Structure formats: structure tokens, C-alpha cells
Amino acid sequence: MKKLLLSLLAFCCAAQSIFAQTAHDEHMKWWREARFGMFIHWGVYAQLAGNWQGHQVGRGGEWIMNRGKISVADYQQVAKSFNPVKYDADAWVKAAKDAGMKYIVITAKHHDGFAMFKSAASKWNIADATPYGKDVLQPLAAACKKYGLKLGFYYSQAQDWNNPGGAAARKATAEGWANPDSAKIDAYTQANTGHWDPAQTSATMGEYIDKVAVPQVKELLSNYGDVAVLWWDTPTNMTDEYAKKLQAVLSLQPNIITNDRLKRPNFPGDYKTPEQKIPTQAELDGRDWETCMTMNGTWGYKSYDNKWKSTETLIRNLIDISSKNGNYLLNVGPDALGQFPQASIDGLKGIGQWMKVNGEAIYATNGSPFGALPWGRCTKKVKDGNTTLYLHVFNWPTDGKLVVPGLKNKVNSTRLLAGGKKLNATTTDEGLIINVPTQAPDAIATVIKVETTGTL
């Protein structure tokens with residue numbers, strides 16, 4: 001009897017585990033199929049554009065208040081000039097859609113505590129503290145609904161450098177600029193948990209969580225329709241108690257997907273968030289993941305950051321990430337008037353042109369069944385027990401023969417994805433050898449679609 005009970009218990013546990021995994025897979029389905037989204041870092045910091053009192057602030061952008069050690073009073077004066085009259089939510093979302101993106105995550109509130117929405121929890125928001133005087137998230141939500149994109153919110157739950165009690169990550173003053181008072185400021189931040197202004201510590205962090213963070217997350221999850229993603233950042237000085245209060249609010253949006261930055265390690269969320277890098281295959285552990293990355297060198301707008309990634313790099317990054325079962329969250333930092341920088345617009349258009357032809361090889365694909373490939377990357381789709389391979393060729397073979405090492409499955413069709421031209425292929429001991437044109441049809445990434453029998 002005891003053995004029978006143990007067997008039944010084991011069976012029930014296994015069934016419960018399978019049910020939970022199935023429910024999680026269904027929960028993550030749209031996100032996994034999307035593969036490509038837009039990150040938007042926008043706030044009052046765009047007004048400063050990386051400059052403070054005649055100095056270019058290193059590692060500035062959205063961090064300029066901290067890196068420049070700007071006082072609360074001085075920073076709040078900046079908002080009085082922030083008037084993004086050229087903001088056009090419709091144009092933003094259309095640009096994302098045309099680039100092939102499936103979701104948008106915008107900074108509803110970054111570490112400077114400035115809310116990009118009308119908030120009853122703090123007057124430090126775009127509707128109450130600026131001449132613009134309007135919530136910018138409402139029109140963005142409407143545009144996302146119009147164009148069929150999912151909407152997500154970034155929210156800085158712990159760090160808040162303006163609302164009293166918020167946390168502040170301690171950063172060396174010299175990282176911003178050669179401030180002659182660096183030694184004095186650094187001594188103060190060391191003694192005051194990273195804060196540089198007494199106004200920041202006039203309340204406790206518990207009071208900040210209860211009076212600002214929790215109420216604002218409730219507003220975000222109540223006032224903008226369906227919210228697909230809550231992108232927490234960062235867990236500075238967070239406790240499990242604070243995290244539980246914030247996590248409880250998520251019940252307002254039962255289908256919401258969250259990242260891993262609420263509070264580590266006890267609140268892992270639904271996916272991991274490598275930043276500014278693409279993990280190697282060896283670094284992946286089977287969990288869902290999303291690389292967030294800038295198009296130039298910074299997240300928030302800086303007038304002098306012109307280190308823009310090429311269209312080739314952006315497209316190949318997307319392919320590389322997809323080939324490893326990841327998502328690409330590519331950032332745009334609008335300026336103070338609400339405009340995307342022209343280089344961002346150009347980059348998005350370039351990706352969009354490629355995606356219109358090759359999107360089939362990105363959306364709803366799984367990672368490569370092969371190891372490292374000398375000529376590029378591979379994505380795949382499995383349906384009804386058969387596998388379609390998408391070979392993304394970066395380095396076009398000079399001898400006219402593309403080798404897919406180790407592929408032994410029966411090949412039913414081999415063709416260029418663009419235009420559908422059939423290619424001759426032969427299975428050998430070396431693998432599948434595909435005869436390709438002399439010149440690459442697409443110098444950035446030519447996709448060859450191979451349909452095979454069986455799974456890979």
C-alpha cells in the first residue's frame with residue numbers, strides 16, 4: 001500500500017509539473033513568437049541631452065542626475081522646460097511595426113522618478129510638472145492597439161532619485177565629470193546609501209514603496225488597457241517584503257509577463273535580461289531570455305552620441321539572438337521634442353526592409369539544431385513531425401557550395417526564401433551541400449529555406 005501511495009504521489013507531482021509547464025508555455029507563446037520588440041527610453045533627461053552646466057556627463061543619458069550629482073531642486077527645474085510638442089505616438093508605433101517589431105516597452109518611470117503619465121501618487125510627472133501637461137502613455141496605448149502591437153511598461157521600482165525614500169545606486173562622481181567637489185560628494189554618498197541630496201532621504205524606502213511605487217504600478221496596470229509586459233529595473237536595496245507588495249499588484253493584469261529584475265533571486269519573473277550583449281550558447285540555461293540593446297551607445301537621448309550600429313549589425317544581431325531562442329529588445333531614445341533621432345529612423349527602416357522579405361525566418365522560430373556554423377546562423381520551425389530550416393548566410397561561400405554539417409534528414413525542398421528560386425542540394429557524409437549562386441542575393445544575410453522530413 002505504501003508503495004502504491006508513493007507511486008500515486010509521484011504521478012500526481014509529475015502531472016502537476018506537466019500542467020504547470022503547459023500553462024507557462026501558453027502564457028509565453030506570443031512573446032516567444034514575437035522575437036523582436038522596441039525599447040523606448042524617454043523622460044525629462046532628454047531635455048539635458050547628456051549635458052550639465054557646460055559638461056558632457058559620462059554615462060549620462062537617463063542616468064545624468066546620478067552621474068552628474070544634480071540636486072533634486074535643480075533637476076526638477078529642468079522639467080519646466082520639457083515640452084515635447086512633436087511627440088506623435090502614431091508615428092512611433094508605425095515605425096516599430098514597419099521595422100517588424102511586435103511589442104513596445106517604454107520607460108513609464110526611470111530612476112529619476114519622473115513619471116511619463118498622470119499620477120495621483122506624485123506630482124513629479126509629465127502632466128503636472130511640465131508645460132506639456134499631458135499623459136504620453138494614453139496615446140501610445142491607443143496607437144499600439146491600432147497597429148496590433150503589444151504594449152509593455154518599464155518601471156523603476158526601487159531607484160527613485162526625486163521621490164523621497166527611493167533608492168540610489170552609489171556611483172563615483174568622477175564617472176560623470178571632473179567635479180572639483182568629487183571627494184566631498186563621494187564621502188556623502190558613501191555615508192548615505194548612494195544618495196547625494198538630503199531631500200532624497202527625507203522618507204524611508206518603505207514609505208516610498210507604499211506611497212509611490214505600489215500606487216503607480218496600480219495606475220499603470222489599471223488605466224491603459226491590456227499591459228503585456230512589466231519590465232522591472234533595478235532591485236537596488238529591494239527586500240522580499242517590498243517585492244511581494246509590488247508582485248501582488250500584477251493580479252490586475254493576469255496575462256502579464258515580467259522580467260527578472262524585481263528582486264533577485266526569489267522573484268525570477270518569466271525571462272532573463274542580458275544587457276548590451278548576446279549570450280553565447282554555453283551561457284544559456286534553457287530559460288526564456290531577451291537581450292536589450294542600444295542602437296548607439298546610450299539609452300536616453302544624448303546629443304553627442306553618434307556611435308550608431310550599422311543596419312548589418314542590427315539585422316545580424318536579431319538573427320543571432322533568434323538562433324539561440326532569444327528576443328531582441330532594441331532601444332530608441334527620443335529627443336526632448338519627442339522625435340526619434342534620424343539615425344534610429346534609418347536603422348529601423350533598414351531592418352524593416354529585410355524583415356518584409358525574411359520575417360518568416362525570425363517569427364515563431366526555434367533555435368538552431370546545429371553548433372557554431374562558419375557561414376552564419378540557423379533558425380527552425382517544426383510542424384507535424386517535419387522540420388523547416390532557415391539558413392541565414394552571412395559569409396557567402398566563394399566556391400558556390402554551402403555546407404550544412406551533420407544534416408542527414410531527407411531534404412524535400414531547398415530554395416532561396418526571397419523569390420523562391422530552387423537550389424540543387426546533395427546529401428553527403430559531410431552533410432548537406434547546397435549549390436548557391438556566385439553572388440549573395442543579400443549581402444547582409446541571405447536566407448535559404450530547407451524543408452526536411454523528421455525532427456531536428
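Is Q53 buried or exposed? Q53 is exposed, because its relative accessible area is 58% and the cut-off for exposed is over 50%. Keep in mind that this is a predicted model. The points below start with the whole chain and then go into detail.

1. **Overall build.** The protein has 11 helices and 16 strands. Its radius of gyration is 25 Å, close to the 23 Å that the globule rule gives for 456 residues, so the protein is as compact as a globular protein of that length. The C-alpha trace spans about 70 × 70 × 45 Å along the principal axes. Of the 456 residues, 54% count as buried.

2. **The largest pocket.** How much space lies in the largest pocket? The value is about 400 Å³. The pocket is lined by 17 residues, and the closest to its centre are K150, L151, D226, V227 and A228. The general idea is simple. A probe the size of a water molecule is rolled over the atoms, and this shows where empty space is left.

3. **Who lines the pocket.** Helix 1 (2-34), helix 6 (137-147) and strand 5 (150-155) each supply at least two residues of the lining. Which of the elements gives the most to this lining? Helix 6 does, with 3 residues. Sorted by class, the lining has 10 nonpolar, 4 polar and 3 charged residues.

4. **A228, a pocket residue.** A228 is among the residues closest to the centre of the largest pocket. Look for A228 in the loop between helix 8 (205-222) and strand 6 (229-232). A228 counts as buried because its relative accessibility is 11%, and the cut-off for buried is under 20%. For a sense of scale, take A228 and G61. These residues are 167 residues apart along the chain, and their C-alpha atoms are separated by 26 Å.

5. **Strand 6 and its faces.** Which residues of strand 6 point one way, and which the other? V229 and W231 point one way, while L230 and W232 point the other way. All of these residues are buried.

6. **Partners of strand 6.** Strand 6 pairs with strand 5 in the parallel sense, over 4 bridges. Within this pairing, F153 stands opposite L230. Strand 6 also pairs with strand 7 (residues 257-258), again in the parallel sense, over 2 bridges. There, V229 stands opposite I257.

7. Turn now to another part of the chain. Here an open sheet of 4 strands has the order 10-11-16-13, and the pairing is antiparallel. Which strands are at the edges? They are strand 10 (376-383) and strand 13 (411-416), and each pairs on one side only. The twist averages 15 degrees from one strand to the next.

8. How many bridges join strand 13 to strand 16 (residues 446-452)? The count is 5, and the two strands run antiparallel.

9. **Two cis peptide bonds.** The peptide bond from D233 to T234 is cis, with omega near -5 degrees. T234 lies in the loop between strand 6 and helix 9 (240-249). The peptide bond from R264 to P265 is also cis, with omega near 0 degrees. P265 lies in the loop between strand 7 and strand 8 (289-293).

10. **Positive phi at A49.** A49 is a residue other than glycine, and its phi is positive, near 55 degrees. A49 is found in the loop between strand 1 (36-40) and strand 2 (51-52). Is A49 buried or exposed? A49 is buried, because its relative accessible area is 10%, and the cut-off for buried is under 20%.

11. **Positive phi at Q53.** This point returns to the opening residue. Phi of Q53 is near 50 degrees, a positive value in a residue other than glycine. Q53 lies in the loop between strand 2 and strand 3 (55-56). With a relative accessible area of 58%, Q53 is exposed, whereas A49 is buried.

How values were computed. Residues are numbered from 1 along each chain as its sequence is written. This is a predicted model: local features need pLDDT of at least 70, side-chain atom pairs count only at pLDDT 80 or more; totals for chains, interfaces and linings use all residues. Side-chain values use heavy atoms; hydrogens and water are left out. On a 1 Å grid over the protein atoms alone, a cavity is a set of points where a 1.4 Å probe fits but cannot get out, and a pocket is an open set with protein on both sides within 12 Å along at least five of seven lines; lining residues have an atom within 4 Å of a point. Grid points are joined across faces, edges and corners, and a volume is the space filled by probe spheres set on the points. Ala, Val, Leu, Ile, Met, Phe, Trp, Tyr, Cys and Pro count as nonpolar, Asp, Glu, Lys and Arg as charged, and the others, Gly among them, as polar. Two strands pair if DSSP finds at least two bridges between them. Axes are lines fitted to C-alpha atoms, for helices over the stretch in contact, and angles run from 0 to 180 degrees between N-to-C directions. The radius of gyration is taken over C-alpha atoms; the globule rule is 2.2 Å times the number of residues to the power 0.38. Buried means under 20% relative accessible area, exposed over 50%, partly exposed in between (1.4 Å probe, protein chains only).
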